[in-house]
Amino acid sequence: MPSSPQDISHEQMLQWVERVATFCNEAWGLAPITGRILGWLLICDPPAQSAGDIADAIGASRASMTSNMRLLTSVGLIRRQTRPGGRTAYYHIEDDAFEKVVRRRLAAFAAFGDVAEEGVKLGGDDETRTRRIRSAQRSIALLTEPPERSR
């Protein structure tokens, strides 16, 4: 039987946050602290937290938070907001944050497809010049084109 949110200890949450940090580091090349921030904001309650709250929760220095929060905000994974009359910034992850990030990345790959097509034309019939570009095009097509249906 799955545990309820009240049954999850802070230690269990931090273990999961560390798994997120390890994944983000190994798969995406992000610093572990960036992954910890992301992991914490995915699981914390309340969902909007100040940089100080996050630093305290994950055991990070407040000084290390600024650039990492800026990075996560710039890619669209977290949002920064202040409350009316307040000066403290709170950070949270919107429910569709990952979808938005993935859609922007796919659009960027599709746009590179146009640049790659120019490179193929530039290379003409010279397979040596166009082989890597065509490989990039095939990879991009896997991400951006709908799969063909089997008959």
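This is a predicted model: local features need pLDDT of at least 70, side-chain atom pairs count only at pLDDT 80 or more; totals for chains, interfaces and linings use all residues.
**Notebook: core, helices and rings**

I started with L41, which touches P47, Q49, I54, I78, Y91, H92 and I93, leaving out residues up to four places away in sequence. Contact here means heavy atoms within 4.5 Å.

Residues are numbered from 1 along each chain as its sequence is written, and side-chain values use heavy atoms, with hydrogens and water left out.

**Core.** Next I looked up the largest nonpolar core. It has 26 residues, and I37, W40, L41, I54 and I58 touch the most other members. A nonpolar core is a set of buried Ala, Val, Leu, Ile, Met, Phe, Trp, Tyr and Cys residues joined through side-chain atoms within 4.5 Å. Buried means under 20% relative accessible area, exposed over 50%, and partly exposed in between, with a 1.4 Å probe and protein chains only. At least two core residues come from each of α1 (10-28), α2 (32-43), α3 (51-58), α4 (65-74), β3 (89-92) and α5 (97-123). The top giver is α2, with five residues. Helices (H or I, at least four residues) and strands (E, at least two) are DSSP runs, numbered from the N terminus.

**Helix α1.** I found M13, V17, V20, A21 and C24 buried in α1. They sit on the same side of α1, because they cover an arc of only 100 degrees around the axis. The arc is taken from the directions from the helix axis to the C-beta atoms. On the other side of α1, I see R19 and E26 exposed. The cover over the buried residues includes α2 and α3. Just after α1 comes G29, with a positive phi of about 75 degrees.

**Helix α4.** Here I noted M65, N68, M69 and L72 as buried. Their arc is also only 100 degrees around the axis, so they are on the same side of α4. They pack against α2, α3 and β3. R70 and S74 are exposed on the face turned away from the buried side.

**Rings.** How many aromatic pairs does a search of the whole structure find? I got one. F23 and W28 are edge-to-face, 5.2 Å centre to centre with 80 degrees between the planes. Rings of Phe, Tyr and Trp (its six-membered ring) pair if their centres lie within 6.5 Å; planes under 30 degrees apart count as stacked, over 60 as edge-to-face and the rest as tilted. F23 counts as partly exposed, because its relative accessibility is 45%.
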